[in-house]
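Here is a short report for a reader meeting this structure for the first time. Look over the sequence and the 3D view, then read on.

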Amino acid sequence: MKVLRVSWWTIAAFVLPCLLLYVCLVFAPILVSVYNGMLDWNGIGEAKFVGLANFQKMFTNDSLLWPAVGRTFLLAGFSMLIQLPIALFVAILISRFVRRTGFLVSSYFLPVILSVAVIGQLWKTIYNPAPMGGMINQILIKLGLDSWTHSWLTEPKIAIYAIIVVALWQYLGYHILIQFTGIQNIPSDIYEAAKIDGASGFKADRYITLPLIVPIFKISVVLSFIGSLQSFDLIMVMTGGGPANATNVLASYMYNMSFLSMKYGYGSAIASFLVVVCLAATVVINLLFNRLDKRFS
């Protein structure tokens with residue numbers, strides 16, 4: 001600023017258009033959603049203002065909401081505790097043992113760029129019962145494990161886990177790419193110095209790679225957690241929230257309330273709750289990683 005000697009009015013002139021665009025595209029819809037959550041409205045007819053009644057019902061008198069919240073956090077937990085460690089481990093293996101990494105990393109990333117509709121239909125075919133040619137059940141039968149076969153997407157206790165497997169598979173390559181890029185950006189002379197001191201291989205990864213990749217890993221955690229909270233398209237393609245609401249998560253439940261049950265005001269209240277959960281999760285994750293950064297620094 002001392003070099004440019006730019007006035008605050010000049011800065012405001014450049015920042016204000018982007019700020020106004022951001023407010024219109026992000027904050028204004030959130031405020032509209034909160035307001036709509038205070039209406040008894042089907043989205044078409046006349047709206048009736050009911051204050052906080054929708055929010056009160058959501059927290060005290062909705063037997064389907066909290067199971068959907070639990071499934072949402074279940075998906076987020078599996079993503080962070082299984083998907084991200086696997087992605088980090090694979091990224092370390094690729095950076096350490098593979099010379100031409102471009103093709104391999106691109107192969108892992110391929111499911112990310114496929115259409116969700118394609119992925120959903122593909123895995124619905126894989127999960128089909130054995131008489132319909134489902135690959136998983138056919139393999140189990142060939143191995144003599146007939147008792148392990150299931151109708152994976154129509155059994156309420158199993159369906160959500162079947163979808164979680166697909167979600168973890170779909171975005172594994174995305175997090176491998178993020179963490180592999182972070183590892184590649186660590187200066188090689190640090191590893192060379194560590195090798196002189198006797199730290200090489202996975203020992204170097206423990207004392208060098210893991211501490212230095214914490215900021216990149218935080219990005220993966222935030223994206224994974226928020227993406228899990230917003231999961232919608234894959235569930236709607238594969239099960240639509242069924243069977244018997246067994247695979248509904250917050251986003252799909254909000255959609256079903258808004259557009260299938262025609263309770264647009266109540267659906268907007270759920271959407272507002274989802275925004276608050278996403279913001280709170282982001283703050284908590286940042287606080288945890290700030291403490292982790294101080295521990296490694």
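## Charges

The protein chain carries 19 positive and 11 negative charges, and their mean positions lie 5 Å apart. Lys and Arg count as positive, Asp and Glu as negative; His and the chain ends are not counted. Each charge is placed at NZ of Lys, CZ of Arg, CG of Asp or CD of Glu.

## Basis of the model

This is a predicted model: local features need pLDDT of at least 70, side-chain atom pairs count only at pLDDT 80 or more, and totals for chains, interfaces and linings use all residues. Residues are numbered from 1 along each chain as its sequence is written, and side-chain values use heavy atoms, with hydrogens and water left out.

## Fold and extent

The protein chain has 13 helices and 2 strands. These are DSSP runs, numbered from the N terminus: helices are H or I with at least four residues, strands E with at least two. The C-alpha trace spans about 75 × 75 × 30 Å along its principal axes.

## Burial

Of the 297 residues in the protein chain, 38% are buried. Buried means under 20% relative accessible area, exposed over 50%, and partly exposed in between (1.4 Å probe, protein chains only).

## Cysteines

How many disulfides does the structure hold? It holds 0. A disulfide is a pair of cysteine sulfur atoms within 2.5 Å. The sulfur of C18 has its closest cysteine sulfur in C24, 12 Å away, which is too far for a bond. C18 is exposed, at 56% relative accessible area. C278 is buried, at 10%.
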